[in-house]
Number of protein chains: 2
Amino acid sequence: MNRTNAGAGVNLLALRSHNAALVLELLRLAGPPGITRLELAERTGLTPQAVSKITARLRSDGLVTEAGRQASTGGKPRTALRLVPGAGHAVGVHLDRDEMRLVLLDLTGAAVAERRAALDLGAGAAAVVGTAAREVGALAGVLGEGAARSSVLGVGVAMPGPLDHVHGVLQRVTGFPEWDGFPLRDALARRLDLPVVLDKDTNAAALGLAVGSEGGSFAYLHLGTGLGAGLVLNGAVHRGARTGAGEFGHQVVQLDGPPCGCGGRGCVEALCLGAVARGAVDEAARVLGTGAANLVALLDIDLVLLGGRTVASDPDRFVRGVGTVLDARARREGVCSPVPVRLAPGGPHLVAEGAAQLLLAPLFGRAEG
Amino acid sequence: MNRTNAGAGVNLLALRSHNAALVLELLRLAGPPGITRLELAERTGLTPQAVSKITARLRSDGLVTEAGRQASTGGKPRTALRLVPGAGHAVGVHLDRDEMRLVLLDLTGAAVAERRAALDLGAGAAAVVGTAAREVGALAGVLGEGAARSSVLGVGVAMPGPLDHVHGVLQRVTGFPEWDGFPLRDALARRLDLPVVLDKDTNAAALGLAVGSEGGSFAYLHLGTGLGAGLVLNGAVHRGARTGAGEFGHQVVQLDGPPCGCGGRGCVEALCLGAVARGAVDEAARVLGTGAANLVALLDIDLVLLGGRTVASDPDRFVRGVGTVLDARARREGVCSPVPVRLAPGGPHLVAEGAAQLLLAPLFGRAEG
DNA sequence: TGCACTTTGGCAACAGCGTTGCTTAAGTGG
DNA sequence: CCACTTAAGCAACGCTGTTGCCAAAGTGCA
């Protein structure tokens with residue numbers, strides 16, 4: 001359940017869905033081999049009987065099924081339970097600078113289908129919404145027209161910020177002033193007659209990476225044509241009240257440094273991309289590492305994941321360079337185990353998959369934060 | 001309730017205490033004038049009847065009492081409810097470099113008594129624990145020996161980090177290696193036979209400031225002999241898994257800048273305090289503002305509060321200087337309303353009061369994060 | 001092959017939560 | 001004085017997780 005803000009009173013209905021979501025989340029983490037009722041009971045702190053009742057409900061709803069038995073330990077063997085992949089689907093749309101990537105995920109988060117299309121933001125809102133709607137329709141078409149089709153929970157859309165994920169409104173699309181303040185979520189929702197959720201690309205990526213990992217905190221640093229971050233704190237994507245969190249590119253790491261396109265001076269993004277343009281990848285990694293170290297120290301992050309086209313152009317050097325800075329900083333602070341740096345897994349569909357996870361998340365108790 | 005980690009299953013007992021805590025939190029926010037049952041129902045989302053039952057329990061527990069009636073709006077006037085201040089107390093201890101400050105708070109967070117004592121960390125753990133225990137005993141003595149005395153929930157201790165608030169163990173006390181790894185919480189708890197909670201001074205300050213404000217996110221920047229931060233995200237103190245969050249002083253804002261005592265270069269703390277030492281307060285404020293702007297952008301913070309002896313020496317210039325940097329950054333990013341900067345309220349007892357709040361917080365549903 | 005033992009997991013009864021429907025209490029206003 | 005309005009408790013209820021019990025389904029030794 002959630003924070004102590006307004007309307008956080010919990011009645012029996014809320015309790016039920018909370019516990020059901022908790023069980024679903026553990027089932028999702030368990031993956032195809034499944035998890036037994038007694039393990040669920042142990043991990044939730046609920047009694048085995050409560051878990052039996054909850055899983056019985058989930059089974060009769062078609063979300064969960066039995067999946068064989070485990071080896072006996074001297075008595076009746078435990079029955080494994082697992083998610084029914086086809087019980088729910090979600091579409092994820094990644095609107096990037098020049099192309100649109102779409103994925104269709106099942107309940108377990110596995111990609112069922114993918115699509116790509118060219119994207120021209122200059123064509124205006126109506127055209128883009130139309131294209132997106134057509135692509136979503138075509139993608140969902142693989143499910144046929146029966147129950148599978150109606151299992152689509154909705155569409156998640158991820159794109160570069162700034163935007164407002166609460167209201168689903170774009171604030172600004174650099175280079176295309178006609179998009180200022182466009183209510184993309186509602187426009188697409190009306191067109192598709194499906195729930196739509198809008199979020200920043202970096203947040204979607206972070207959510208995609210957070211799925212399948214328990215609790216923990218990490219930062220996803222995306223270095224492509226720009227530099228941004230997605231933050232996961234205690235297992236939840238941290239967006240801030242205005243979806244502004246993760247603005248990492250214009251962190252100043254060199255007071256009165258070289259000017260940046262944003263009007264500031266000494267921004268990480270400018271220093272980083274400038275170095276890359278000069279072919280000084282190691283220097284770029286060192287700058288990125290400095291920003292990452294600031295972030296890690298400020299938030300006590302467990303893990304740093306790197307991604308984006310620029311990183312992908314020389315992944316090892318970036319990972320090594322950032323790691324070196326973090327290690328040095330950790331050693332100075334007397335921390336025993338430095339924060340690990342890794343290349344973000346997931347490949348080119350990471351953002352689209354994360355966008356789809358925006359709709360799956362509520363099922364598994366990951367509230368929108 | 002909390003995150004989806006382990007043991008987050010919610011049974012009826014947990015539900016009851018959650019809703020009770022929610023009601024208590026609203027009663028605390030309402031302060032002396034109190035709040036009516038129907039308002040509580042509206043704000044919690046529970047039915048009036050549920051609130052009646054919950055408040056009846058709280059009244060029979062002695063935590064809540066009726067406090068007059070509101071003006072009628074044409075029918076039976078609503079009855080206001082308020083906390084019973086004396087129903088619970090908590091002691092807060094602030095261990096600073098050279099002195100120890102203690103406060104005794106009642107359930108509403110009001111200071112009932114205060115004490116000060118000299119502190120010599122060089123005297124060793126046993127001596128300090130002894131002094132602290134005596135001071136706590138003397139402070140609690142004002143409650144007499146009856147029910148009031150037994151209403152003391154425990155003792156919160158706040159001191160400079162690094163430390164581990166989960167295990168209540170100090171990691172390092174700069175200048176006094178004999179304190180490395182000292183289990184202060186357990187030592188004091190055994191001595192006092194009371195629950196003890198340990199946290200960083202900046203976190204305690206942030207908690208103290210968070211009490212009485214709803215939801216929201218803010219950063220408390222403390223500039224004294226060092227520079228640290230306390231972060232409150234969505235109404236909860238963000239500590240990180242290792243109580244490391246808020247390490248703000250050694251954020252690098254000038255790559256390869258002047259060396260800092262920590263071994264790094266271009267840390268905010270070194271630049272800031274260096275400027276202050278040179279009498280360049282405006283420059284110090286500008287540097288602090290740069291770090292603050294980084295933090296605000298990264299986390300989408302609503303408010304920045306400044307405190308600490310150095311800030312107190314020229315508060316207006318610091319507030320103005322930091323505000324200028326934040327405003328400029330906000331304007332560049334096209335944000336309509338810049339993040340406000342204010343002097344932290346609360347005075348010299350802020351940290352000690354926050355330390356005491358560490359024990360009151362669970363009653364009001366503010367889980368330890 | 002049979003029986004004792006272990007372990008799983010459903011059934012039934014139960015306590016306790018918030019909810020609903022209703023009644024009583026305590027005001028206002030004509 | 002009485003009709004009306006609003007607050008808040010009482011009683012019955014549905015639903016939650018819990019407890020106690022028992023059938024089901026294995027293992028392992030005689």
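Strand S11 (residues 218-223) and strand S12 (residues 227-233) of chain B pair in the antiparallel sense, joined over 6 bridges. This pairing, like everything described here, belongs to a predicted model. One pair of facing residues can be named: B:Tyr220 has B:Gly230 in S12(B) as its bridge partner.

S11 and S12 belong to an open sheet of 5 strands in chain B, ordered S13-S12-S11-S14-S15, with mixed pairing. At its edges are strand S13 (236-237) and strand S15 (341-343) of chain B, each of which pairs on one side only. Helix H8 (residues 281-299) of chain B lies across S11, S12 and strand S14 (303-307), and runs at about 155° to S11(B).

Chain B also has an open sheet of 5 strands in the order S6-S5-S4-S7-S10, again with mixed pairing. Strand S6 (111-118) and strand S10 (196-200) of chain B are at the edges and have a single partner strand each, so one side of each lacks a neighbour in the sheet. From one strand to the next, the twist averages 15°. Within this sheet, strand S4 (residues 89-95) and strand S7 (residues 152-159) of chain B run parallel and are joined by 5 bridges. B:Val93 stands opposite B:Val157 in S7(B).

| Helix of chain B | Strands of chain B | Angle |
|---|---|---|
| H4 (residues 125-140) | S4, S5 (99-106), S6 and S7 | about 35° with S5(B) |
| H6 (residues 201-210) | S4, S7 and S10 | about 100° to S10(B) |

The rest of this report concerns the contact of chain A with chain B. The size of an interface is often given as the accessible area lost when the parts come together. Here chain A and chain B bury about 5400 Å² between them, and 49% of that is on carbon and sulfur atoms. Chain A contributes 68 residues to the contact and chain B contributes 68 residues.

Across the interface there are 6 salt bridges. In a salt bridge between B:Arg242 and A:Asp300, the side chains meet at 2.8 Å, N to O.

On the side of chain A that touches chain B, at least two residues come from each of helix H1 (12-30), helix H2 (37-44), strand S12 (227-233), helix H9 (281-299) and helix H11 (315-332) of chain A. H9(A) gives the most, with 8 residues. The residues of this side of chain A comprise 26 nonpolar, 27 polar and 15 charged.

How values were computed: Residues are numbered from 1 along each chain as its sequence is written. Chains are lettered from A and ligands numbered from 1 in the order in which they are written. This is a predicted model: local features need pLDDT of at least 70, side-chain atom pairs count only at pLDDT 80 or more; totals for chains, interfaces and linings use all residues. Side-chain values use heavy atoms; hydrogens and water are left out. Two strands pair if DSSP finds at least two bridges between them. Helices (H or I, at least four residues) and strands (E, at least two) are DSSP runs, numbered from the N terminus. Axes are lines fitted to C-alpha atoms, for helices over the stretch in contact, and angles run from 0 to 180 degrees between N-to-C directions. Contact means heavy atoms within 4.5 Å. Buried area is the accessible area (1.4 Å probe) that two parts lose on being put together, summed over both. A salt bridge is a side-chain nitrogen of Lys or Arg within 4 Å of a carboxyl oxygen of Asp or Glu. Ala, Val, Leu, Ile, Met, Phe, Trp, Tyr, Cys and Pro count as nonpolar, Asp, Glu, Lys and Arg as charged, and the others, Gly among them, as polar.
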